Amino acid sequence: MVKAGYLVLSALCAVLFTAPAAPAATEIICSSTTSTENSGLFGHILPMFEKKTSIKVKVVARGTGAAIEMGKRGDADVAFVHAKEQELKAVQEGFFVNRHDVMYNDFVIIGPPDDHAKIKGMKSAAEAFKKISGSALFVSRGDNSGTNTKELSIWKKLGIEPKGQKWYLEVGQGMEKTQRIANEKRAYTLTDRGTWLATKDKDKLEMVIVLEGDPVLFNQYGIMAVNREKHKHAKYKEAMEFVNWIISMEGQQAIGSFKDKNGNQLFIPNAK
Amino acid sequence: MTSILDGFVQAFSLILHLDAELLGIIFLSLKVSGSALVVASLLGLPLSLLLGFKRFPLKGLCISILNTFMGLPPVVVGLLVYLLLSRSGPLGFMALLYTPIAMIIAQTILAFPIVSSLSHSAIVSVDPIIKQASLTLGATPLQVSLAVIREARYGIVAGIMAAFGRVMAEVGAILIVGGNIAGFTRVMTTTIALETDKGNFELALALGIILLAISLVINAALHFIQKRGMIGVTQ
């Protein structure tokens, strides 16, 4: 019986140490954000690109801040994120090249149905933020993501320092978890329309959109390749093939044809 | 409450209709954690023998450090391994970040102190007569070591089981160094974290139940080997 045990163990070891099959095609790493990965966009468009070019795109989803940092450190070949100012800054610093607008959706402010801070009917996101501060709870992503960056830029413009205030909850989590926390706390939060549409029914959120349509809430996504001058190993050629495909007619149509489970179009292509 | 029940229902239906993607995820979990465990044992057992047999300065401190490292937070190990393997880090040239190897390295670091420390405890509690008797009978140092390991194996296997439990359940380190890339570095725990993020609670719970079931089977198998081994000796 002991022998049988060793046999099982050695068989297990044999299985464990078999080398994985060699990669058949070139692979690139795309650092991106939770909103593109979790919404299912990549699942929709990547098979089309991979079929056409036989380049495999491996997506690592982080907040926008972390995704850009990955590219800066040379741990990704291409970044697909949504914080235009941060992106342009990283390009200026020489970490990335060939940045392009890809698509957009917009941010909305959501809150409890009773809207106890009386935001509905307001037009300006900044004024809404001002009204919420102090009179209701506000849940912040607090994770340097694109959404968080947008939110902080609004507070900054108002000259309000929300950090450390009693009504301001920094949760440090993804968009969907942040929405759920806001739901539990009867609080307000800033979310992207894509995540909101995709999750409000599934997560049984008792929340409504209280403000939308302010141009300041425009959420632009961009793509950029890691600069091979900074990181020689970066697969620049393949990364540029991906970038060029995303902004081509074909890639743009692929993005436009993506619908969530409820048939909503989540991203509007706008590459030039 | 319905979510929890749905989780169990979905777990059973997932087990009944095992698809290739889920099998791949389960297989990768076992491969990463199993490899880490084997490497940690190969490194940890000799260290525990050294600590058990030899006298050297600061030995007590070494043991205390080892015991402290049993409580290493996975997310800290993940961050350290990430910084080491990152393209901008000292080992970046090896291009290991976001590969299963990186995950094995991180989990080996987590498993190593547990295997060494618990094996050390098992080895020092072996009756010293065994060692003396073997020496008297003219055993070489290697033979003495094997005799002691044989006596201590119940405790050693328990240490390996504890380490296995830790790495199979761990998500913080492998999420950082593996990147949770679909079909490549996505394992059971990172899938559970992702599905929870996505709000698919039932699916996440179902995966958790499957993970527990796998751990149960493996622990039962180890226990079986352990017990059989004991009978083999007493006879």
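Colleague: How many of the nine residues of strand 9 of chain A are buried?

Modeller: A residue is buried if 20 or more other C-beta atoms lie within 10 Å of its own, exposed if 12 or fewer, and partly exposed in between, with C-beta atoms placed from the backbone. In strand 9 (residues 218–226) of chain A, seven of the nine residues are buried, so that the strand is mostly covered. Helices (H or I, at least four residues) and strands (E, at least two) are DSSP runs, numbered from the N terminus. This is a predicted model, in which local features need pLDDT of at least 70, side-chain atom pairs count only at pLDDT 80 or more, and totals for chains, interfaces and linings use all residues. Residues are numbered from 1 along each chain as its sequence is written, while chains are lettered from A and ligands numbered from 1 in the order in which they are written.

Colleague: In which sense does strand 4 of chain A pair with strand 9 of chain A, and over how many bridges?

Modeller: Two strands pair if DSSP finds at least two bridges between them. Strand 4 (residues 96–111) of chain A is antiparallel to strand 9 of chain A, with eight bridges, and A:Asn105 has A:Asn219 as its bridge partner. Strand 3 (residues 78–81) of chain A also runs antiparallel to strand 9 of chain A, joined to it by four bridges. There A:Ala79 is opposite A:Met224.

Colleague: Which residues lie on each face of strand 7 of chain A?

Modeller: A:Tyr188, A:Leu190 and A:Asp192 are on one side, A:Thr189 and A:Thr191 on the other, and all are buried. Strand 7 (residues 188–192) of chain A is largely enclosed by the rest of the structure because five of its five residues are buried. Strand 4 of chain A pairs with strand 7 of chain A in the antiparallel sense over four bridges, placing A:Ile109 opposite A:Leu190. Strand 5 (residues 138–140) of chain A pairs with strand 7 of chain A in the parallel sense over two bridges, and A:Val139 stands opposite A:Thr189.

Colleague: Is A:Pro47 buried or exposed?

Modeller: A:Pro47 is exposed, because 12 other C-beta atoms lie within 10 Å. A:Pro47 belongs to helix 3 (residues 41–53) of chain A. Helix 4 (residues 64–72) of chain A is mostly covered, with seven of its nine residues buried, among them A:Ile68 and A:Met70. Just after helix 4 of chain A, A:Gly74 has a positive phi of about 85°.

Colleague: At roughly what angle do helix 4 and helix 5 of chain B cross?

Modeller: Axes are lines fitted to C-alpha atoms, for helices over the stretch in contact, and angles run from 0 to 180 degrees between N-to-C directions. The axes of helix 4 (residues 74–85) and helix 5 (residues 100–124) of chain B come within 10 Å and cross at roughly 135°. Angles under 35 degrees count as roughly parallel, over 145 as roughly antiparallel, 65 to 115 as roughly perpendicular and the rest as oblique. Helix 4 and helix 5 of chain B are therefore oblique to each other.

Colleague: At what angle do helix 6 and helix 7 of chain B cross?

Modeller: The axes of helix 6 (residues 128–136) and helix 7 (residues 141–169) of chain B come within 9 Å and cross at roughly 150°. Helix 6 and helix 7 of chain B are therefore roughly antiparallel to each other.
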